[in-house]
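Here's a quick briefing to read alongside the model. Have the sequence and the 3D view open as you go through the points below.

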Amino acid sequence: MSSSRPLDVRPSLADAQPTFLEPLVRSKRVIVCAGAGGVGKTTTAAALGLASALAGRRTLVLTIDPARRLAEAMGIPEASRAPAPVPREKLTMLGVPVHGELDAWMLSPEVVFETMVRRLAGDEARVQAILANRLYQHLSKIVAGMQEYTAAEALYSLSTEGKYDLVVLDTPPSRNALAFLEAPRKLSMFLDERVIGVFLPAGGGQKKGAFVRAASDLAERVFTKAFGEGFYKDLQDFLGAFSGMFGGMRAHAEAVRRLLSSDEAAFVLVTSPEPAALAEAGFFQEKITQLGLPFEGYVLNRSWAYTRGFGGPEEIVLPPAAEEHQRVALRKLGQLADGERWRAQRDRDLLARLRMDAARHSLGAAARGDGGGAAIATPHLGGAVEDLAGLAELARNLVHLDNA
Amino acid sequence: MKSLLPLRAVLVTGKGGVGKTTVAASLARFAAQCGKRVLVAEIADEDATTSALADALGVAKITDEPWEIAPNLRVVALAPALGHQRFLRDVLPMKVLADAAMRAGAIRRFLAAAPTFPEMGVLYRLLDLVRTKRRDGAVEHEMIIVDLPATGHALALAQIPASLLRVIPSGPIAAAVREGLELLQDPVRTGAVVVTLPETLPVSEALELVQGIEQHSIPLAQVFLNRVPFDPFSDEERVFVRSLLDGERPPMLGARTLERIDRARVALERLSQAVSVPVGVLQDVWLEGPRLAEEMASLMAVEEVHQ
């Protein structure tokens with residue numbers, strides 16, 4: 001998006017006030033962006049990451065959405081095995097200070113899983129046994145479900161290894177993002193020894209009670225019959241190889257949960273004015289508050305609320321000699337303008353409602369005592385943010401916008 | 001849209017927020033009005049307290065068993081657990097054993113929590129519903145429309161059968177998976193419908209999705225461009241309005257809408273050139289909830305008459 005185009009409205013600095021996002025990008029260790037699909041969540045996450053880098057912090061933007069948008073916007077290679085930095089010269093061009101950094105990574109379940117195995121398995125023989133298991137190879141390559149398991153794991157290790165001051169997480173569309181929140185719980189459910197024990201072969205120092213033995217026999221009969229003997233053996237090998245690691249994985253799951261519940265984390269809900277997106281955001285806000293996670297506020301995206309400095313077509317006076325089609329065209333433009341006025345009013349009302357809601361439910365807002373709430377609007381950037389310059393503009397608007 | 005009518009399974013997919021669910025609901029209403037016995041399905045989600053499909057159809061809830069919400073129109077949630085149960089019943093020698101297995105806490109929890117097992121359950125449930133016959137031997141649901149989850153997950157779902165076959169090459173599961181895969185890849189019975197918005201990035205993503213679908217050998221049947229804004233301008237009017245707005249002046253109300261209209265025109269052209277299937281244009285309708293799907297269904301019917 002070139003800044004020479006008249007539609008890119010940047011508020012003058014005199015008007016600009018820090019938004020609720022400004023302290024977040026300066027102080028938090030984790031920011032989770034959630035919301036319905038198609039509301040600009042990935043872009044918002046990337047812009048928040050850039051805002052943090054502009055504030056001089058070492059930042060990572062992590063996306064678990066399989067869509068490949070982040071890489072495109074940030075100009076980094078897709079499908080990399082590790083976080084990739086946005087090139088230094090680009091950052092310098094955008095005004096990021098020398099100690100500010102911005103990396104991005106599209107989470108790869110395979111890589112995260114393997115890293116986890118290497119850390120927890122201990123000896124190399126065991127690592128190789130696990131990596132060679134057919135079932136492991138199947139699971140680690142499957143995207144459905146695995147993203148949620150691995151997102152929690154990656155978020156934790158990347159935000160605690162000390163390389164980054166802030167990790168911004170872009171979650172998949174709402175329903176799956178919920179799975180991400182539930183992943184640690186679900187993981188420990190799957191990894192429960194009582195479940196696993198049923199599938200493990202007897203012996204090897206493990207004693208099974210009569211009840212477990214009965215369940216084991218049933219499981220073996222059912223799985224052997226349904227999946228074939230080879231698979232059941234693979235499953236046992238897989239679970240056997242993993243069994244020593246479950247304690248470590250569960251401990252991690254709990255640590256992720258603690259980090260996400262702490263005041264070092266912040267949950268930001270991204271929404272558009274669409275009724276469906278708003279409903280999802282409301283649903284999400286309830287869920288986050290219910291889980292005791294630090295909800296901070298809303299970003300209202302794709303909003304038409306910002307109209308300061310806009311003129312109207314009625315100011316245009318056509319010369320008396322203007323042709324009929326020109327008058328018709330101007331009248332039609334006037335109708336489009338009326339539509340935008342209506343949308344702007346609708347979105348301003350909406351913004352007020354979101355602010356009230358955020359003030360009521362946000363822990364941060366309550367602690368700071370800023371009863372004004374935390375929802376902000378970004379100007380309706382025509383189309384999409386397609387390059388780093390556009391992202392930088394969005395980043396500035398997000399943390400410094402006079403709230404229409 | 002008529003080309004969709006002979007299909008047994010219509011898989012509606014697209015990026016989040018493009019109106020997939022509304023399109024699935026509209027297609028279902030349209031096909032039911034055309035006289036098809038239609039079942040419209042979503043993937044069950046035990047954690048969700050709301051259902052987008054229920055909202056779009058104006059029904060209170062969607063259950064694991066199909067129920068009729070209008071003449072010729074039924075709705076169902078594809079529940080993984082039911083798929084597991086049906087599968088075990090099909091492959092195990094005794095029903096009792098299958099039911100005992102599903103009652104065993106450990107097995108149930110394993111199937112619900114272990115990655116890819118829920119997706120397999122969904123696929124088997126779909127297969128089960130496609131096969132369901134009425135007493136007279138005719139199929140119960142002539143057309144099953146599935147509202148699939150967002151892009152990545154739809155592809156992931158499609159990826160599972162082939163991947164699973166590598167792990168479990170033989171036995172009853174493999175046979176069931178093969179049958180599922182055959183259904184998914186049969187252009188006579190199955191068609192994927194990709195929904196997208198008339199903007200640059202969503203069109204790029206839709207084209208990626210189309211590629212992914214083709215890679216998995218799932219036949220693509222139709223692409224819908226949803227929420228296309230009404231364009232009031234003739235060509236000469238457009239040129240004039242552009243000349244008014246392009247000069248050096250403060251931003252003007254109306255210009256953003258005009259840009260949106262322009263982007264929609266480009267999007268339609270780009271999409272039409274890139275895909276080999278029909279591109280359906282769905283106008284931006286300012287309605288919400290069940291009235292939106294009803295209105296869109298009647299617009300689809302009108303379009304049929306015009307073609």
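This is a predicted model: local features need pLDDT of at least 70, side-chain atom pairs count only at pLDDT 80 or more; totals for chains, interfaces and linings use all residues.

**More on α14(A)**
- The buried residues in α14(A) include Ala277(A), Leu278(A), Ala281(A) and Phe283(A).
- Further along α14(A), Phe284(A), Gln285(A), Lys287(A) and Ile288(A) are buried too.

**Positive phi away from glycine**
- Asn72(B) has a phi near 70 degrees, and it lies in the loop between β3 (67-70) and β4 (73-78) of chain B.
- Asn72(B) is partly exposed, with a relative accessible area of 28%.
- Ser217(B), also not a glycine, has a positive phi of about 55 degrees.
- You'll find Ser217(B) in the loop between α9 (200-215) and β7 (220-228) of chain B, where it counts as partly exposed at 40% relative accessibility.

**A helix pair in chain A**
- Helix α5 (residues 109-121) and helix α6 (residues 124-132) of chain A pack at about 145 degrees, with their axes 9 Å apart.
- The crossing of α5(A) and α6(A) is right-handed.
- From α5(A), the residues involved are Glu114(A), Val117(A), Arg118(A) and Ala121(A); across from them in α6(A) are Glu124(A), Arg126(A), Val127(A), Gln128(A), Ile130(A) and Leu131(A).
- Sorted by class, that contact has five nonpolar, one polar and four charged residues.

**Buried parts of chain B**
- Helix α6 of chain B (residues 117-131) reaches 21 Å from its first C-alpha to its last, close to the 21 Å expected.
- Because 14 of its 15 residues are buried, α6(B) is largely enclosed by the rest of the structure.
- Asp147(B) belongs to strand β5 (residues 143-147) of chain B and is buried, at 9% relative accessible area.
- Beyond its sequence neighbours, Asp147(B) is in contact with Val12(B), Lys20(B), Thr21(B), Ala24(B), Ala41(B), Glu42(B) and Ile43(B).
- Leu53(B) is 94 residues from Asp147(B) along the chain, yet their C-alpha atoms are separated by 7.9 Å.

**Confidence in chain A**
- Chain A averages a pLDDT of 77, and 72% of the residues score at least 70.
- Over residues 1-14 of chain A, pLDDT stays under 50, and the model has 31 contacts beyond four places in sequence for them.

Conventions
Residues are numbered from 1 along each chain as its sequence is written. Chains are lettered from A and ligands numbered from 1 in the order in which they are written. Side-chain values use heavy atoms; hydrogens and water are left out. Helices (H or I, at least four residues) and strands (E, at least two) are DSSP runs, numbered from the N terminus. The expected span of a helix is 1.5 Å times one less than its number of residues. Buried means under 20% relative accessible area, exposed over 50%, partly exposed in between (1.4 Å probe, protein chains only). pLDDT is the predictor's confidence in each residue, from 0 to 100. Contact means heavy atoms within 4.5 Å. Axes are lines fitted to C-alpha atoms, for helices over the stretch in contact, and angles run from 0 to 180 degrees between N-to-C directions. A crossing is left-handed if the near helix is turned anticlockwise from the far one by less than a right angle, and right-handed if clockwise. Ala, Val, Leu, Ile, Met, Phe, Trp, Tyr, Cys and Pro count as nonpolar, Asp, Glu, Lys and Arg as charged, and the others, Gly among them, as polar.
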